Amino acid sequence: MQTHFDTIIIGGGPGGLAAAYSLAEQQSVLVVENDLWGGTCPNRGCDPKKMLYSAVEALDNQQALQTNGLVGTSAINWSELMAFKRSYTQQIPTGTLNGLQHAGIQTVTGTAHFSDTQTLQINGGTYTANHFIIATGQTPTLPTIEGHDLLQTSNEFLDLDRLPEKVAFIGGGYIAIELANIAVTAGAEVHIIQHNERILRDFPEALTHKLVTSLQEKGIHFHFDTDVTTITQTSNQLTLSNQANFKLTVDAAFAAMGRKPNIDQLALEKAGVTANQHGIQVNDHLMSSNPRVFAIGDVVDRVQPKLTPVAGFEGRYVANQLLAKKTAPITYPLIPHTVYASPQISQVGVSVATAQAAPSQYRINQQTVTNWYTFNRIQESDAMVITIFDNQTNQLVGAAAYTTIAEELINYFTNLIKHQTTATELTDTIYNYPSPASDLKYYY
């Protein structure tokens, strides 16, 4: 097999694949993967999560319309829902590998580590390249507490054969919230244990408070200002406790306390690549401290949200750098972000916190839209949309939404911000009516 390549990509997920396909027509490319081909998102991340969430959405919509035209509600059959999810995920690794090979891209399944600045060791073989792209992503973290080995993570939750009757999630980020929402809707007793009083700290507090109330009404038990220090097993159950008399016995517990970069096995020091606990450090061209080595996706230490589309964007950017199609520093587009709970929370652009801290620069328009036709039609019990405008230009620069259709709205707002659409232009645009798009002019 060929052992020298123009570019070797470590990681066969969305970022690595975007780079590989962009390079393949003009370069010799090798992609190395030591886990599931396709990466976290389609195998054990955003894609399977949203397939499970599809049943949650259906039940939420049914419940909202009870006594308003619908009689009776469905129930989630976990085994059938999991079979539906697996019908998608089981095809991903083989399909990904076949696609790469069909495009003439070489592949190796194994763990790569650097032996010097331009050499990798993989499965006992030696491989060299002119350039390397590290796209190894992140993996769930476990807390350093007694009994941490009894905890499971999102990886296991998204492939459970049977949903436990009573479950706990340690953490208050989007993974904990999304999975807890799926579990409670499917019939489990659900507890969320959070070390402070906030969930989803990157989202507007006014909206996260609303979400806590909504999830409590669904049956989720929140334990705020609580740390778990010990986990013990008795028979088939786990007991989570601390020294402040907190004690909770559940059938399963899941750590949702963030993720860490997958760099431990790379031997980055031998390649002269600098990294820290947040990931590989890169410059504004995504180049590491070794000019031969670039890093993209969730493994990078950067402020942008660690999302699949961002990894793909970075993969294409680095490919264009290596092909000399682009030489400018990377400039990120708007990055919308949604938490798939009940309801959803989405945001894009200038954040509410940033706008609140600079009232002379920004104007905030917060609207309760529950009684608008769009939301009344689907009997939303509480919906809110926040839009943020630049005081000098009066242009829309940010938005956040709390509604079952937040992901749709935030995509509209993303385009409006990108194209600097004015209120007059919206008024002069005819959208299908009645629809969420036909409401857009009323958010200005």
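A disulfide is a pair of cysteine sulfur atoms within 2.5 Å. Keep that in mind for the opening stop.

This is a predicted model, in which local features need pLDDT of at least 70, side-chain atom pairs count only at pLDDT 80 or more, and totals for chains, interfaces and linings use all residues. Residues are numbered from 1 along each chain as its sequence is written, and side-chain values use heavy atoms, with hydrogens and water left out.

**Stop: the disulfide**

Select Cys 41 and Cys 46. They form a disulfide, with sulfur atoms 1.9 Å apart. The structure holds one disulfide. Look along the S-S bond: the angle about it is -125 degrees, and the link of Cys 41 and Cys 46 is left-handed.

Now check the cover. Buried means under 20% relative accessible area, exposed over 50%, and partly exposed in between (1.4 Å probe, protein chains only). Cys 41 counts as buried because its relative accessibility is 10%. Cys 46 has a relative accessible area of 29%, so Cys 46 is partly exposed.

**Stop: Thr 107**

Select residues 106-109. This is strand E3, and Thr 107 sits in it. Helices (H or I, at least four residues) and strands (E, at least two) are DSSP runs, numbered from the N terminus.

Thr 107 is buried, because its relative accessible area is 17%. Next, show its neighbours. Contact means heavy atoms within 4.5 Å. Not counting residues up to four places away in sequence, Thr 107 touches residues including Met 1, Trp 37 and Leu 100. Gln 101 is another of these contacts. Display both side chains: a polar contact of 3.3 Å joins Thr 107 and Gln 101. A polar contact is a pair of N or O atoms within 3.5 Å; within protein, one must be able to donate a hydrogen and the other to accept it, and residues adjacent in sequence count only if both atoms are side-chain atoms.

**Stop: strand E9**

Select residues 189-193. In this strand, E9, four of the five residues are buried.

E8 and E9 pair in the parallel sense over five bridges. Two strands pair if DSSP finds at least two bridges between them. Find Phe 169: its bridge partner in E9 is Ile 192. Trace the chain from E8 through helix H7 (residues 174-185) to E9; this β-α-β crossover is right-handed. That is, with the strands pointing away from the viewer, the path from the first strand over the helix to the second runs clockwise.

Finish with residues 221-223, strand E10. Three bridges join E10 to E9, and the two run parallel. Ile 192 stands opposite Phe 222 in E10. The chain gets from E9 to E10 through helix H8 (residues 205-218), in a right-handed β-α-β crossover.
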